[in-house]
Amino acid sequence: MTTASSASPDEHRLSLPALIAFALPGLPTGALAVALTVYLPRYYAGHFGLGLAIVGGAFGTVRIIDMLFDPFIGVVMDRTRTAFGRYRLWLVIGAPILMAAVFMLFVPPFKVSYGYLIFWLFIYYIATSIIGLSHSAWASVIASKYHERSRVFGVLQVVAILGATAVLIVPSLMKQHDGGSEVQAMGWFIIAVAPIGVLLAIARTPERIIADQHGEKFGLRDYWDMISRPEMARIIVADFCLALGPGWMSAMYLFYFHDSRGFSSDASRILLAIYIVAGVIGAACISWLATRLGKHRTLQVASTCYSLGLIVLQFTPKGLFGPAAAIMFLLGFMASGFPLLDRAMVADVGDAVRLEQGKHRVGLLYAMITSTQKIAGSLSIALSFTVLGWIGYDPKEGAVNTAAGIHGMELVYLIAPVVFVMLGGACYIGYRLDSKRHAEIRAALEARDAVAVPPVLESLSGSESVHDLAEEAT
């Protein structure tokens, strides 16, 4: 006999087509990961002539201010309980905000200025916080098993990479290829796919709202305990390093491959596409490998291989496409595992927190991660662009840099990413929340949930609740 209290969330494991539909909001966010970090800073510094220091300062200032928003919205999401769902509601709220911000940043209808860039970057980061937090938190509810989370977050990463690949193809379909028209085409692509992805996700995916244990207080001390617990502290520091390293490279990518490696703009775009497409294969392979080695060990392997590949890249012959393409494939393959595994491990920590404190606070946990990513993102652009200015590198379109300026740019491009990525992998030495420990946590949660208020399973297509399904079974 099946009862409402014994219904396991894994009985509602999403099929692959349903999981792909759920992952579709990753199309615009994946596209933005490339368009915003690689193309937009250069667009405002080179095309509009705002200057490296000004553009880097704008990105840095906005992200530092905006990161204070994430913990607040994470708490609000966790406490949201509506007939429409908990995290699904916030995913819908974030989509139009993102579309407006992308339009103003990528297709500016007015003369741009420092204040203009700061304001719309701020709106953009608020939108991505809402979408990213709600989507990741919802994913952690969809998958409760240790290895199943590698599968779910692996599919999310694959879809995001496909979005990043698609946004690079868009400019090649245009007749004009100047920097301004390319960036605008990317913006229109993102605006088009954002509502489609969100609507398909909310239409196809049920949201299981986990009931909190009532009567237990949850105060500031509990928040601090979540941040300071050893597993979460490791993830926060590692995620910061693993975001700062590749983000640093992204900000300087076009400068490096054009002036240092001697590739044309078209060849540089193809190499970047190889890097991104490799992530599709990498995300699938790394999520599979994580089910064998464990998430933290797999991430250590990926970070080590990534750093070695980046070092080898500097010693490849200039202008030789084959070796550069092979190394870019390796880098993209390994980098795809960084966000995938970190987010899957946050979901595991969320289970441990719920077991100890009786509250579902995964939204707040993901807010901590997005805050560190924003700090890393702001520093990657602000610091790299500032250092480039110090060494005398000129980013303007058509500028001719000296040999010393180019050599300095090469050192800036290489050293920091290698150091940070290796530190990120080292954070997981001695990590203890493995599959065995998580299985114990899940068993304890399921035993407690069996005598608590049953969770609710909702969807736009009229799916019945877990309680109703159990009543039919009995």
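The structure is a predicted model, in which local features need pLDDT of at least 70 and side-chain atom pairs count only at pLDDT 80 or more, while totals for chains, interfaces and linings use all residues. Residues are numbered from 1 along each chain as its sequence is written, and side-chain values use heavy atoms, with hydrogens and water left out.

The chain contains 18 helices and two strands. Of the 474 residues of the chain, 59% count as buried. Buried means under 20% relative accessible area, exposed means over 50%, and partly exposed lies in between, with a 1.4 Å probe and protein chains only. Contacts, defined by heavy atoms within 4.5 Å, were examined by their separation in sequence. Among the contacts in the chain with a separation of 6 or more, 85% are accounted for by residues 24 or more positions apart.

The largest nonpolar core has 151 residues, and Tyr44, Leu105 and Phe106 touch the most other members. A nonpolar core is a set of buried Ala, Val, Leu, Ile, Met, Phe, Trp, Tyr and Cys residues joined through side-chain atoms within 4.5 Å. Helix H6 (residues 114–142) supplies the largest share of this core, 16 residues. When residues up to four places away in sequence are not counted, Phe106 touches Leu32, Ala35, Leu36, Leu40, Tyr43, Val183, Gln184 and Gly187. In soluble globular proteins, nonpolar side chains tend to be buried together.

Helix packing was examined next. Two packed helices are described by the angle between their axes and the distance between the axes. The axes are lines fitted to C-alpha atoms, for helices over the stretch in contact, and the angles run from 0 to 180 degrees between N-to-C directions. Helix H2 (residues 26–47) packs with helix H3 (residues 52–66) at an angle of about 130°, and their axes are 8 Å apart. This angle makes H2 oblique to H3. Angles under 35 degrees count as roughly parallel, over 145 as roughly antiparallel, 65 to 115 as roughly perpendicular and the rest as oblique. The crossing of H2 with H3 is right-handed; a crossing has this hand if the near helix is turned clockwise from the far one by less than a right angle, and is left-handed if anticlockwise. On H2, the contact is made by Leu36, Leu40, Pro41, Tyr44 and Ala45, and on H3 by Leu52, Val55, Phe59 and Arg63. Eight of these contact residues are nonpolar, none is polar and one is charged. In this classification, Ala, Val, Leu, Ile, Met, Phe, Trp, Tyr, Cys and Pro count as nonpolar, Asp, Glu, Lys and Arg as charged, and the others, Gly among them, as polar.

Helix H2 also packs with H6, where the axes come within 12 Å and cross at roughly 160°. The two helices are therefore roughly antiparallel to each other, and H2 passes H6 in a left-handed crossing. Gly26, Thr29, Leu32, Leu36 and Tyr44 of H2 meet Tyr116, Leu117, Leu121, Tyr124, Tyr125, Ile131 and His135 of H6. By class, this contact of H2 with H6 has nine nonpolar, three polar and no charged residues.

For helix H10 (residues 230–260) and helix H16 (residues 403–426), the axes come within 8 Å and cross at roughly 160°. H10 and H16 are therefore roughly antiparallel to each other, and their crossing is left-handed. Their contact has 21 nonpolar, four polar and two charged residues.

Individual residues were then considered. Serine 136 lies in H6 and counts as buried at 10% relative accessibility. Beyond its neighbours within four places in sequence, serine 136 is in contact with Phe153, Arg343 and Tyr366. Phenylalanine 122, also in H6, counts as partly exposed at 30% relative accessibility. With neighbours within four places left aside, phenylalanine 122 is in contact with Val62, Ile65 and Asp66.

Serine 380, in helix H15 (residues 362–390), counts as buried at 2% relative accessibility. Serine 380 and tryptophan 248 are 132 residues apart in sequence but 4.4 Å apart in space, C-alpha to C-alpha. Arginine 432 lies in the loop between H16 and helix H17 (435–449) and is exposed, with a relative accessible area of 69%.

Conventions. Helices (H or I, at least four residues) and strands (E, at least two) are DSSP runs, numbered from the N terminus.
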